Amino acid sequence: MGTQPTVAVVGAGAAGLATLKALADAGVPAICFEATDQIGGLWVYGSPGSPAYRTLHLNTSRGRTQFADHPMPDDWPDYPDHTRIAGYLSAYADRFGLRGAVRLRHTVERVTRRADGTWTVQASGPDGTVGVTVDAVVVANGHNRVPKPPSPAYPGTCTADQLHSHDYRRPEQLAGRRVLVVGGGNSAMDIAVDASYAADRTLLSLRRGVWVVPKYLLGRPSDTLNGALARRLPWRLRQRISEAMLATTLGAPTRYGLPAPAHGFLQDHPTLSDGLLSRLTHGDIEARPGIAGFDGRWVEFTDGRRDEVDLVVWCTGYRVEIPFLDPELLGDGAEALPLYRHVFHTDAPGLMFVGLMQSTGAAFPLVEAQARLVAAHLAGRYALPDPAAQRAACRAELRAATTRWGQRRPAMRVDFDAYLAQLGRELTAGARRARAGARS
């Protein structure tokens with residue numbers, strides 16, 4: 001690279017690339033370690049560790065997903081597929097000259113804080129172990145890599161084939177089988193719809209209700225409507241308006257055989273699907289409540305019904321694991337890590353995270369804004385508040401998030417529009433702190 005890197009970035013998916021771009025804009029030299037042989041992260045279909053499947057498309061609209069610095073083409077569909085998004089990230093890297101900073105096929109094994117406040121990063125690559133000492137580390141390798149089985153495990157023994165959504169690739173895996181899909185997220189709905197065309201029979205089991213949102217409402221991508229409201233209204237009022245709109249256009253989830261949502265709209269990650277409700281109303285997907293237990297190939301549900309299945313597809317999410325960090329830096333675990341503005345480690349200066357969050361909307365604009373905050377800080381143009389103020393802000397945000405989202409990863413939850421606005425304000429406030437510190 002010609003200049004000794006002062007920052008190590010872990011991961012070259014959307015978060016890592018946005019970080020490299022922001023650092024380059026700020027004149028901060030960086031090196032990036034990527035475990036696979038391509039940039040693009042989870043969007044690279046067929047890449048080791050990627051959960052992408054053949055029918056995967058964006059679940060947020062193009063206009064609300066694109067980077068501000070790199071708009072998606074106007075002639076693209078509103079919801080592009082994974083091939084387009086992988087190509088988009090590749091073009092982003094080319095446009096801003098990011099590839100030279102990326103070391104492909106280098107898996108970070110250990111990140112260690114040194115006594116002088118610098119960091120040592122060790123990565124294993126094709127030619128052995130590589131080590132660098134840097135002033136800062138940005139963890140940007142995502143959190144959809146380690147499949148999470150159902151917990152606690154269901155009673156009985158299941159002798160049907162089992163598959164986690166992480167390992168699902170194409171509808172042919174479901175063909176001619178009696179398939180049970182378990183889960184209520186976007187992947188579960190996509191896989192259930194795929195199964196409804198390929199499998200002999202498709203069951204969808206939801207332990208708790210979710211709000212299923214079509215990708216279009218009133219002739220527009222549905223997330224653009226909520227975005228327009230977010231600029232004017234608090235989330236509680238948006239919730240009532242959105243619930244009324246869904247009730248008017250779709251009716252209650254229970255009319256489709258789905259359980260009633262236990263939480264209000266905007267109090268969990270939205271589930272978007274155009275195909276699910278149609279396939280349910282045509283009988284091509286049969287809704288079931290939660291699982292009570294297994295008896296060989298037979299599944300008993302909490303309403304007493306029993307069905308024989310050949311394949312169970314677990315769409316039960318992922319564990320957040322960062323194995324290369326010292327457990328002392330993770331406290332109660334990565335899911336509960338208190339990070340100032342979801343970016344800065346409050347007890348380890350120089351350790352930052354981009355993308356360790358769950359948004360009500362798209363991720364790309366948020367990681368772009370987080371990356372700008374990181375770059376401004378490392379360039380000396382953004383100053384953090386004192387540690388006590390950082391921790392107080394984390395506690396206040398956790399209380400508010402717990403009130404809204406309950407115990408479902410509250411430390412990671414962000415409201416897309418509110419958080420994007422907050423990061424803009426934070427950048428301005430930190431710049432004022434930096435100027436004040438320079439004058440004192």
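Of the residues lining the largest cavity in this predicted model, 16 are nonpolar, 12 polar and 5 charged; Ala, Val, Leu, Ile, Met, Phe, Trp, Tyr, Cys and Pro count as nonpolar, Asp, Glu, Lys and Arg as charged, and the others, Gly among them, as polar. That cavity has a volume of about 430 Å³. Its lining comprises 33 residues, with V213, N226, F265, L266 and P270 closest to the centre. Two or more lining residues come from each of α5 (222–230), α6 (235–249) and α11 (416–439), and α5 gives the largest share, 5 residues.

A word on terms. A cavity is a set of points, on a 1 Å grid over the protein atoms alone, where a 1.4 Å probe fits but cannot get out, and lining residues have an atom within 4 Å of a point. Volume is the space filled by probe spheres set on the points, which are joined across faces, edges and corners. Helices are DSSP runs (H or I, at least four residues), numbered from the N terminus.

The second largest cavity holds about 50 Å³. Among its lining residues are H143, I322 and F353, and by class the lining has 6 nonpolar, 4 polar and no charged residues.

I turn now to helix α9. Of its 15 residues, 12 are buried, that is, under 20% relative accessible area with a 1.4 Å probe, protein chains only. The buried residues include F364, E368 and Q370. After α9 comes G380, with a positive phi near 85°.

Finally, conventions. Residues are numbered from 1 along each chain as its sequence is written, and side-chain values use heavy atoms, with hydrogens and water left out. Local features need pLDDT of at least 70, side-chain atom pairs count only at pLDDT 80 or more, and totals for chains, interfaces and linings use all residues.

How values were computed
1 Å grid on protein atoms, 1.4 Å probe; cavity = no way out; pocket = protein on both sides within 12 Å on 5 of 7 lines; lining within 4 Å. Buried < 20%, exposed > 50% of the residue type's maximum accessible area, 1.4 Å probe, protein only.
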